[in-house]
Amino acid sequence: MLSLRSRIDVLHTERVDSVASRRGELRPGLWHWEAPHPEWQPSERWNQMVSSYAVDDGDRPPVRPDRSADEIHALAAERETAVVLTAPWHERDTQSLVERLGVPVFTPFPDSAQDLMEKYGITAEQAGDGSPDLVWLLRENKGEARPYSPGDRLPIGIEVFPGREQNDMVLWIESKAAVISGDTLKDVGQGLEISVRWLREGVTREQVAEGLRPLLALPVEHVLATHSGPTDRAALERALS
């Protein structure tokens, strides 16, 4: 997500350029667009088109994803801008945005070697140095990383809720009445859900839902999934029931 304050937050930064499609303004200052995932294969259990969102909470002319990439980048360069990832493996086009705009990246930490061994039952040799996600940012220092964890409140007005993994978050943006989810809440053909197929051994759907039910006490209007697209409060209530 891009964020401006005058700020743009871009969540799940798929390319904001001519390859994107199905773009639209969901409400003033909140946009959605889709683009094909660059590493998608026909064997995947999710659709090739994945979603990104932009939030403008400033008082300057809005940034619209149906503008050209150059226009969006030019506007973002004039504002306090950040990228927010709900999961480190959703970095997508983040590095190119950081290189072009010099924006900070809010992200959960990638899996450590120990995390990978516990998650996938692999050996220490197979786990190596841990996940390759965001190596350029966190190990090679090619940008400004701002790690966050469940329970945090980001300085850009985002509250962090726990998801199905310790680094797969669900975010609440009060100013837009919007919930944003990476892989915890998704629609892969059965409607918005916590898919048991995506849960690691020992984690139950009920455990994940329990951690997210406090969202139902909030004035949620938009639920923004990166797999599928925007939906509404009713879908969230069904997913957490």
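Biologist: How many helices and strands does the protein chain have?
Modeller: This is a predicted model. Its protein chain holds both kinds of element: the count is seven helices and 14 strands.

Biologist: What percentage of the residues in the protein chain is buried?
Modeller: The chain has 241 residues. Its accessible surface comes to about 10900 Å², and carbon and sulfur atoms hold 46% of that. Among the residues, the buried share is 51%.

Biologist: What share of the contacts with a separation of 6 or more joins residues 24 or more positions apart?
Modeller: Take the contacts in the protein chain with a separation of 6 or more. Those between residues 24 or more positions apart account for 58%.

Biologist: Which element supplies the largest share of the largest nonpolar core?
Modeller: That core has 20 residues, and Leu185, Leu212, Leu215 and Leu236 have the most contacts inside it. At least two residues each come from β11 (168–173), α6 (205–212), β13 (222–225) and α7 (233–240). The largest share, four residues, comes from α7.

Biologist: Which residues does leucine 236 touch, beyond those up to four places away in sequence?
Modeller: Leucine 236 is one of the residues with the most contacts inside the largest nonpolar core. Setting aside residues up to four places away, its partners are Val179, Leu185, Leu192, Leu215, Leu216, Val220 and Val223.

Biologist: Is valine 223 buried or exposed?
Modeller: Valine 223 sits in strand β13. Its contacts, leaving aside neighbours within four places in sequence, are Val179, Leu192, Gly229, Pro230, Thr231, Asp232, Arg233 and Leu236. Its C-alpha is 5.7 Å from that of alanine 178, 45 residues apart in sequence. The relative accessible area is 1%, so valine 223 is buried.

Biologist: Why does threonine 107 count as buried?
Modeller: Threonine 107 belongs to strand β7 (residues 105–107). Beyond neighbours within four places in sequence, threonine 107 contacts Leu85, Pro88, Leu134, Leu137, Arg146, Pro147 and Tyr148. The cut-off for buried is under 20% relative accessible area. Threonine 107 counts as buried because its relative accessibility is 1%.

Biologist: What relative accessible area does arginine 197 have?
Modeller: Arginine 197 lies in the loop between β12 (178–181) and α6. Leaving aside neighbours within four places in sequence, its contacts are Arg45 and Val188. Arginine 197 is partly exposed, at 46%.

Biologist: How far apart in space are arginine 197 and arginine 45?
Modeller: Arg45 is in contact with arginine 197. In sequence the two arginines are 152 residues apart. C-alpha to C-alpha, the distance is 10.0 Å.

Biologist: Which residues are closest to the centre of the largest pocket?
Modeller: The largest pocket holds about 660 Å³ of space. Its lining has 23 residues. Closest to the centre are Trp89, His90, Asp133, Asp183 and Trp198.

Biologist: Which element gives the largest share of the lining of the largest pocket?
Modeller: α3 (113–120) and β10 (158–165) each supply at least two lining residues. The largest share is three residues, and it comes from α3.

Note on methods. Residues are numbered from 1 along each chain as its sequence is written. This is a predicted model: local features need pLDDT of at least 70, side-chain atom pairs count only at pLDDT 80 or more; totals for chains, interfaces and linings use all residues. Side-chain values use heavy atoms; hydrogens and water are left out. Buried means under 20% relative accessible area, exposed over 50%, partly exposed in between (1.4 Å probe, protein chains only). Contact means heavy atoms within 4.5 Å. Accessible areas come from the Shrake-Rupley method with a 1.4 Å probe; for residues, only the protein chains shown count as cover. A nonpolar core is a set of buried Ala, Val, Leu, Ile, Met, Phe, Trp, Tyr and Cys residues joined through side-chain atoms within 4.5 Å. On a 1 Å grid over the protein atoms alone, a cavity is a set of points where a 1.4 Å probe fits but cannot get out, and a pocket is an open set with protein on both sides within 12 Å along at least five of seven lines; lining residues have an atom within 4 Å of a point. Grid points are joined across faces, edges and corners, and a volume is the space filled by probe spheres set on the points.
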